[in-house]
Amino acid sequence: MESLDLTDFKSTFTGLEDIKDGFKLLEMFFEYAVAGGAFIVDTKGVIKYANRKFLDFYNLTKEDAKGTPIGQITKEDGMMRVIRTGKIEVGDIIEKGNIKVVINRIPLKENGKVIGAIGIGLFKDINALKELYKKIEVLEAKLEFYQTKFDSIYSAHYTFKNIIGQSPKIMATKKLAFKAAQTTSPIIIHGESGTGKELFAHSIHMASPRSKKDFICVNCSAIPKDLVESELFGYEAGAFTGAERRGKPGKFEIAHRGTIFLDEIGDMPAEMQAKILRVLQEKVIERVGGRKPIKVDFRLITATNKDISKLLDLGQFRSDLLYRLRVIEIKIPPLRERREDIPLLVDYFLDRATKERGIKKIDITKKALDFLKNYNFPGNVRELLNIIEGTIDLIDKDTI
């Protein structure tokens, strides 16, 4: 229904008394059948009729309401907007004090001309309205909670400030990564386990023009091979046994206008590599079980701790895909190649770990620090962090 046409209403009645009876019937409908406050205004927004629920809600009598411009009572101009446009408005929300009312506005027409409008507030009675408002508050709180959860899942948490170090190698790597962040080209990050590849990926996204959009992180080695396609590209309803009834968007679809980070790209199944290449070239995906192509706009960052060249020789990785991924290549130095950063990292991890545990900061002797500086750290920065946290948890003194 786009409007209520009184031309059709009047045509169903023949004589004057019939018309009066018809309008009485309409009035009874608004009084008893409408589960909320209802009112009718003319083209100037002046109230011509208001039902009991409306009057009770605004503490008015019929005499108070009739002849009063609706804007003086509801403090909003929605009814005049409907009269001007002749278009119905559904589900608008107005406020009276601390209470929110969901209102529908319907233009009244006769012979195609707007002669007024009807407003209906969606509540059963005053107590029901208060209950509805409470439910709205609960739903808003839940929505805010889940939105926060969603934002935390699909957002980057780190910037280049979180990459600790002043050594020439790490500074050069940070400079290259920051420059790469300003482009739209695919980036591949090489580095041993624990060097901070994901940290760099987060930082690149946060320094890019897409920083306000989603950052989707996918660990290719953690997804079972038979689920990789549906995880990355999504699936339509009923695509396979166990699929959600409504279908599900894939990670590329969620990353639209943002960044997708494929960690451990060297573990990507061979049969999926051709599909990844196609997505990179055409920026179009198809859900599993779907036939409709979906355009996607994303920035791709990949990372690996493997020697891709060896995988190429073994036929385990496509050369054409590698060339597409390796437009910009960033190599993160292992910790043993930037030992001068170890004191800075130790101080940073000590400060962070003690604050997290609610204890005063613990010192470290020069001898202990020299020991750490001379250690090779096969696990790199992650291993150093684990050593510091484990020591803090077990130490009985104020100094390591």
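Not counting residues up to four places away in sequence, His 205 touches Ala 156, Arg 210, Ser 211, Lys 213, Asp 214, Phe 215 and Thr 259. Please keep in mind that this is a predicted model. His 205 sits in helix α9, which spans residues 197–206. Its relative accessibility is 1%, so His 205 counts as buried, since buried means under 20%.

Next comes helix α6, residues 78–85, where Gly 78, Met 79, Val 82 and Ile 83 are buried. Looking down the axis of α6, these buried residues fall within an arc of 145 degrees, so they line one face of the helix. After α6 comes Gly 86, which has a positive phi, near 70 degrees.

Finally, let us visit the largest nonpolar core, which has 31 residues. Leu 232, Phe 252, Ile 260, Leu 262, Met 268 and Phe 298 have the most contacts inside this core. Among the elements giving two or more residues to the core are β8 (215–219), β11 (259–263) and α12 (270–282). The largest share, five residues, comes from α12. Phe 298 touches, among others, Arg 210, Phe 252, Ile 260 and Val 279, not counting residues up to four places away in sequence.

How values were computed: Residues are numbered from 1 along each chain as its sequence is written. This is a predicted model: local features need pLDDT of at least 70, side-chain atom pairs count only at pLDDT 80 or more; totals for chains, interfaces and linings use all residues. Side-chain values use heavy atoms; hydrogens and water are left out. Buried means under 20% relative accessible area, exposed over 50%, partly exposed in between (1.4 Å probe, protein chains only). Helices (H or I, at least four residues) and strands (E, at least two) are DSSP runs, numbered from the N terminus. The arc is that of the directions from the helix axis to the C-beta atoms. Contact means heavy atoms within 4.5 Å. A nonpolar core is a set of buried Ala, Val, Leu, Ile, Met, Phe, Trp, Tyr and Cys residues joined through side-chain atoms within 4.5 Å.
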